[in-house]
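Hi,

Here is the structure I promised to pass on. Please open it first, then read my notes below.

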Amino acid sequence: MEHLIAGINLAISFESLLAIIVGVAAGQVLGAIPGLTASMAVALLIPYSFYFDPWVGIPMLLGMFKGSLFGSSTTAILIRTPGTPAASATVLDGYPLAQQGKGAKAIKMALYASVFGDTFSDICLIFCASLLALVALSFGPAEYTILIALALFSLGMLSSRPAWKGLLAMLMGVTIGIIGLDPITATERLTFGNPELEEGIGLIPMLIGFLAVSEVFRQMGSSVSDLSGRAIQYSKRPEDNRVSWSEFRDCVPTLFKASALGTVIGAMPGLGSTVAAFLAYGQARRASPHPERFGKGELQGVAAPEAANNAVSGANLIPLLAFGIPGDIAAALILSAFMIQGINVGPLAFTENPTPLYAIYTALLMANLVNLVLGHGLVHIARFAFGVPRRLLLASVLVVASAGSFALRGSLFDVQLVFLFGALGLLMVRFGFPTVPLLIGFILMPILEENLRTVLLLAGTYDEHIMFVFSRPAFSTLCALIVVGVALFGWRRWRKRAITQPPR
Amino acid sequence: MPRRNSELLELGCLLASLSLFYFLVIPLAVSDPQDFGLDQGLPPSFSPRLVAILAAVLMLFRVIRLLLATQDLSYAEPTDEDDTSASFSPRTIAGMAAAALFALVLVPVLGFLLGGAVLVLSLLVIMGEYRPTVLVLHPLLVMLAIWALFERLLSVRLPPGLLFTD
């Protein structure tokens, strides 16, 4: 008990609170800049955090991590430019809402969902870190392969009508993901001798190009009077600028499901918040009684990806705090900051000196509260910043987007790719091909290929060959769950068709 | 043209491109190491070939479905309309050309900051902005903000350009 009180005291000191406020505010601003990921924001702060006391530096770092995830959704909603890849799925319904004058409502929903997802995963982290980490670690290449293949197939199927266009777009994304060096033999694949392509295509140019630049190109075709009007119109009706209690209540089941999904994905090393956001979006769409509203400005389409991508941030710390294993780059950066500040994590920390762990938990929860308060301020700043004439904003977005895509790898080639993907994105939209499955295919391709090839390599060492996967309890459970899910989905569709079809 | 015919035409073009990809691009751009068997893992061309086969199966399945359909499928199944607002208008094409010029010539030669200012200026003109104060001040302010943020705060060195490199 004394460890708990000591930990709380460490995190709620004046200096720590101030550090959290500064971290969250800086994170929200940096996260809104296209190309700067949450990991980059954390990496930028780490050198400065060493100058401070550990309980100033660490809370600031955690605050920045959380702030950057929400900040990125602001630009995703208002100008279709996700600040970080994690906010890409928020574009799908956030941007249509902004176009309907409901930008403030969408940002507020994103804020509430972010804080909800964050708090949910933090509570899971506090109460069941070890259990969740054990479940996550029982997932091997076979389980990852089937999970990712299913995610790709279902997201491709549901993202367009007719479904083949979504599936083909997904396969195109997978093909773009193949470009680069083969992960096993290091042979060049589809690079055509271009050394810039050896590293593969960067995620940031893909996201910015297909989402933001294609939209800028599309809007440039508007009439001159439209272009001289305000970039973001806000409805004058108060109900369009706030989230009512009934709207929030309607989103609560989605928030719980998305947060749980984000927590599970966050606990698994390697998948990350972008994947969680897209999966939660797909899940919310499938579960909704009105799936046709998704993509046209559905509030649940903002709530689901935001809750999921923020839930990942807390859950990323589960394997880190429970076993000392970082689940992704951001967690690895936080681990390095812990190590340099002399804070031990892992199983022994829970028994030997749990005070710093309780202080981290308290700082995480405080950061959520600060995120909620400062986020409201950001809504007003965004209203002012994006209230300029549309043509001024479009021209600026194009240059800022190219600077953001250059920043990550320092490659001029990435700037050229941004515009190429922008033109490709416009072409795809023109012919009714959705761009989102392409992005998901691209994001998941390396993880899928690595795991699939590992499974096939492992299969050679077993007598049962590929059937060895069924001897794994996690794989068998997952297969059973998928079969039940597919059967339920088929039954629901059959019933819907039976009801809507007129009698012969 | 009925939707079925236009979709068949689209599928025909895509299948032709896919054949080119499978029979020409993959053998040219992916070379498998000699004697690379299953024991060493799958050959590098496995993934692109698998993707191409899946895409072909998907499209052939759709073609058969369209050919066997007794009526135009647009009546039988809901379809997302093509976004006609995503057209290649003269202004859009001019904007794309300016962006291409920026990425291929202006940044390598003039550098990011100067090239960016030229791009913003040209985009403003393309979009119908002719007020001299806006045309001068807006590019300057945007590039100043980018310089302060990326070069000063984040220590990202933006390309200086051939003209300004020692």
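**What I found**

Reading chain B from its N terminus, the elements run α-α-α-α-α-α. That makes 6 helices and 0 strands in chain B. One caution before the rest: this is a predicted model.

**Chain B**

Chain B has 166 residues, and 27% of them count as buried. Take the contacts in chain B with a separation of 6 or more: residues 24 or more positions apart account for 60% of them. The chain is divided into domain 1 (3-76) and domain 2 (90-164). Over C-alpha atoms, the centres of these two domains of chain B are 40 Å apart.

**Where A meets B**

How many residues of chain A are in contact with chain B? There are 53, and they meet 55 residues of chain B. Six helices of chain A each supply at least two residues to that side: H8 (163-178), H9 (203-220), H10 (224-228), H18 (390-409), H19 (412-430) and H20 (436-459). H18(A) gives the most, with 11 residues. By type, the chain A side divides into 34 nonpolar, 11 polar and 8 charged residues.

**The core**

The largest nonpolar core has 196 residues. Ala280(A) and Leu398(A) have the most contacts inside it. Look at Leu398(A) with its neighbours within four places in sequence left aside. In chain A, Leu398(A) is in contact with Val213(A) and Val216(A). In chain B, the partners of Leu398(A) are Ala99(B), Leu119(B) and Leu123(B).

**Domains of chain A**

Chain A is divided into domain 1 (2-154 + 202-395) and domain 2 (472-504). Their centres, taken over C-alpha atoms, are separated by 32 Å. The contact between them takes 8 residues from domain 1 of chain A and 5 residues from domain 2 of chain A. On the domain 1 side, the residues divide into 5 nonpolar, 2 polar and 1 charged.

**Leu62(A)**

Leu62(A) lies in helix H4 (residues 54-79) of chain A. Is Leu62(A) buried or exposed? Leu62(A) is buried, because 27 other C-beta atoms lie within 10 Å, and 20 or more is the cut-off. Not counting residues up to four places away in sequence, Leu62(A) touches Gly23(A), Ala363(A), Leu364(A) and Ala367(A). Gln28(A) is 34 residues from Leu62(A) in sequence, and the two are 12 Å apart in space, C-alpha to C-alpha.

**Two residues with positive phi**

Please check the backbone at Ala186(A) and Leu190(A). Ala186(A) is not a glycine, yet its phi is positive, about 60 degrees. Ala186(A) is found in the loop between strand S1 (180-181) and strand S2 (188-189) of chain A. Ala186(A) counts as exposed, because it has 11 C-beta neighbours inside 10 Å and the limit for exposed is 12 or fewer.

Leu190(A) also has a positive phi, near 55 degrees, and is a residue other than glycine. Leu190(A) sits in the loop between S2 and H9 of chain A. Which way does the count go for Leu190(A), buried or exposed? Leu190(A) has 21 C-beta neighbours inside 10 Å, so Leu190(A) counts as buried.

Best wishes

Key:
Residues numbered from 1 in each chain as written. Chains lettered and ligands numbered in written order. Predicted model: local features only at pLDDT ≥ 70, side-chain atom pairs only at ≥ 80, totals over all residues. Helix = DSSP H or I, 4+ residues; strand = E, 2+ residues; numbered from the N terminus. Contact = placed C-beta atoms within 7 Å. Core = buried A, V, L, I, M, F, W, Y, C linked by C-beta atoms within 7 Å. Nonpolar A, V, L, I, M, F, W, Y, C, P; charged D, E, K, R; others polar. Domains from an automatic or database assignment.
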